[in-house]
Amino acid sequence: MKNNPTPSSRPLGKSAARQIPLRDVEESLMYVDAGLTDENQRAYAKSVAPRAREALSRIHTSDGGQRLLDVGCYGQWIGAYVNLLGYRDVTGIAHGEDAGLGCDMPVKMGSRDFKLRSDFFDIETDSFPYDDESFDVVVCCEVLEHLVRDPMQVMSEINRVVKIGGQLVFQTPNSASLRTMLRTIAGLQPYSYSVYHGVGVDRHNREFTTAELVRLIENSGFSVKTAETFRFRKTSWLMRLAKVLTIPAAIAGKCPLGWRNDVSMVVAEKVDGVLERWPSWLYSDPWFIEPWYRKHGGPVGQRRLTEWQREKTAA
């Protein structure tokens, strides 16, 4: 198996997204307080609404009988799932250190009643406390880049709890964007949010290219339906010039021109169990990490190395 991810061999065109007014998204994001003051909540809703609209416009609507799981949800998106998509049974996972905390909340919005379950645990080490194939839709937006230990643990649990044929909607910053490329050329660090401020898992630990995101999701037993990127800032002349410089990579089939915007969005469908638990392109570095683990890794490092070697042999 190659260590460098490549775009899927299947054509990944743009999705037929529904048109949702931006104002409706902003208002729905303010329905659930989530511990924010009115002023902060309004600012949050306004800043996140353009990205949220792209995800919400691609999530299957509900007639009230489907279950949705939001991995990384802190409550603000719940109103949008109910008001804009028709869900009445929503579960949110808040990734953090307060493992084992959770609550069921009956919520009333206008004339509609719905059930909200909120759970707090470490998604990289804990099993999700849900039955197999118990959700119709899983949403994971702006979470992957915060993970520090084992992203495939998260993907494995997502695969387990979503039904065959269920939908997965993924959104994360694109580390191969034109903006990232220009920052690197200018001698700046490329990540979009890497500031240290002493708050748990808030900063970005590792950002993914769109090609990597596609491969991660396919390794996890999902069939990718669409893979797109979006930008939410104005394009300068410098950005347009940078796009010209990426044409050779697009011609070589390494990264389509349409995968150079700031945020990656992938929509997929579960078709199988996890195909690769320890994909070598994500966990292995033959030039440094593997030799280091051989010499210094101890039992944990040796176990990881054995898994990587097994995956390579199988490939």
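## Around Arg 179

Arg 179 touches Arg 233, Lys 234, Met 239 and Asp 262, leaving out residues up to four places away in sequence; contact here means heavy atoms within 4.5 Å. Arg 179 itself sits in helix H5, residues 178-185. Helices (H or I, at least four residues) and strands (E, at least two) are DSSP runs, numbered from the N terminus. Pro 190 is 11 residues from Arg 179 in sequence, with 8.3 Å between the two C-alpha atoms.

A quick note on the model: it is predicted, so local features need pLDDT of at least 70 and side-chain atom pairs count only at pLDDT 80 or more, while totals for chains, interfaces and linings use all residues. Residues are numbered from 1 along each chain as its sequence is written, and side-chain values use heavy atoms, with hydrogens and water left out.

Let's move to S5, residues 135-141. Seven of the seven residues in this strand are buried, so S5 is largely enclosed by the rest of the structure. Buried means under 20% relative accessible area, exposed means over 50%, and partly exposed is in between (1.4 Å probe, protein chains only).

S5 runs parallel to S1 (residues 67-71), joined by three bridges, and Asp 70 has Val 139 of S5 as its bridge partner. S5 also runs parallel to S6 (residues 162-173), this time with six bridges; here Phe 135 is partnered by Val 162 of S6. Strands count as paired if DSSP finds at least two bridges between them. Going from S5 through H4 to S6, the chain makes a right-handed β-α-β crossover. Right-handed means that, with the strands pointing away from the viewer, the path from the first strand over the helix to the second runs clockwise.

S7 (residues 222-230) has eight of its nine residues buried. It pairs with S8 (residues 263-270) in the antiparallel sense over eight bridges, and Phe 230 finds its bridge partner in Val 263 of S8.

Which residues touch the most other members of the largest nonpolar core? Phe 128 and Ile 217 do, in a core of 38 residues. A nonpolar core is a set of buried Ala, Val, Leu, Ile, Met, Phe, Trp, Tyr and Cys residues joined through side-chain atoms within 4.5 Å. Elements giving two or more residues to this core include H4, S6, S7, S8 and helix H6 (210-219). Beyond its neighbours within four places in sequence, Ile 217 contacts Met 155, Leu 168, Phe 170, Phe 222, Val 224, Val 266 and Ala 268. A second, separate core has 27 residues, including Val 48, Val 139, Cys 141 and Met 265.

## Cysteines and positive phi

A search of the whole structure turns up zero disulfides, a disulfide being a pair of cysteine sulfur atoms within 2.5 Å. For Cys 140, the nearest cysteine sulfur is that of Cys 141, 7.1 Å away. Cys 140 is buried at 2% relative accessible area, and Cys 141 is buried at 11%.

Two glutamates have a positive phi: Glu 133 near 50° and Glu 142 near 60°. Glu 133 lies in the loop between S4 (112-121) and S5, and is partly exposed at 41%. Glu 142 belongs to the loop between S5 and H4, and is partly exposed at 22%.
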